[in-house]
Structure formats: structure tokens, C-alpha cells
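Reader: Hello! Could you take me through a close look at a single part of this structure, with the cut-offs spelled out as you go?

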Amino acid sequence: AGVVVGGASEVSLSGLRVEAPAGSGVAARGTSKLTMQACVVSAPAAAGVEGADAAELALASVEITACGTNGVEVQDRSRFTGVELAVHGNRRGHGVCVATTGEVVLRRCRITDNGRNGVA
């Protein structure tokens, strides 16, 4: 993965440009809350942002493009918020995969040109 955050109660990433050629762009593992703002993520072999074990995932003004699987993968999370999120060009996956997520809030998002559904 380009950035792996784990074991922290709250992590905030701002202004990051992540290019991860072999794994997920950003992976939150064992983190209660991951917040990303004004970031650009590309991960041609895997998910752009993977919220494994995160109770809350919040993305604002984040662009996720050219991922190998899902742009954002937030399965089994309690809350996901995307504001001004741009997800496009993910070849084989959904733009945003939110299966079994307790609460999903999307505002002013552009989710286009993905291999499967825009939001699933």
C-alpha cells in the first residue's frame, strides 16, 4: 500500500498525493476514524482507499483514479462520508463499494467511468 495507517484512534491526512503501483493507495487498518482532505490517490493494482476495520471513514475533496479494483472500499464500516469526492477510471471495480455499511452520506460527488457500478 502507498499509505497504511493502523492502531490509532484517529488519523487525518491532508494534501497528500499517493501513487501506489502494487497495493492499495491508502489502507486504514485497526483505526477508529480516518479523515482525508484534498488528496489525490491512484492505485493501478488495488483499491484507492480501503477502510478495513475503520469505524468511520470521511473523505472531502479527494480524487481517486485509475485503480485496479474499487475506488473506495468501505465494506462493514459503521459510517462513510464522501463530500466533493471524484472517483473515475477504475477498470474492474465499483467507484464506491459500500456494502453492509451502516450509514453512507455522499454530497456533491462525481463518480464516473468505472468498470462496474458507480456506487454499490
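Author: Happy to; what follows looks at the sheet and at one residue in it. The model is predicted, so to speak plainly about its limits, local features need pLDDT of at least 70, side-chain atom pairs count only at pLDDT 80 or more, and totals for chains, interfaces and linings use all residues. Residues are numbered from 1 along each chain as its sequence is written, and side-chain values use heavy atoms, with hydrogens and water left out.

Five strands make up an open sheet with parallel pairing, in the order 2-5-8-11-14. Strands here are DSSP runs of E with at least two residues, numbered from the N terminus, and two of them pair if DSSP finds at least two bridges between them. At the edges sit strand 2 (10–14) and strand 14 (103–107), each pairing on one side only. From one strand to the next, the twist averages 5 degrees, with axes being lines fitted to C-alpha atoms and angles running from 0 to 180 degrees between N-to-C directions.

Now to strand 11 (residues 79–83), which pairs with strand 14 in the parallel sense over five bridges. Among the residues involved, Gly 82 has Leu 106 in strand 14 as its bridge partner.

Val 83 also belongs to strand 11. Val 83 counts as buried because its relative accessibility is 17%, where buried means under 20% relative accessible area with a 1.4 Å probe and protein chains only. Beyond its neighbours within four places in sequence, Val 83 is in contact (heavy atoms within 4.5 Å) with Leu 59, Ala 60, Ser 61, Arg 107, Arg 108 and Cys 109.

Note on methods
Helix = DSSP H or I, 4+ residues; strand = E, 2+ residues; numbered from the N terminus. Buried < 20%, exposed > 50% of the residue type's maximum accessible area, 1.4 Å probe, protein only.
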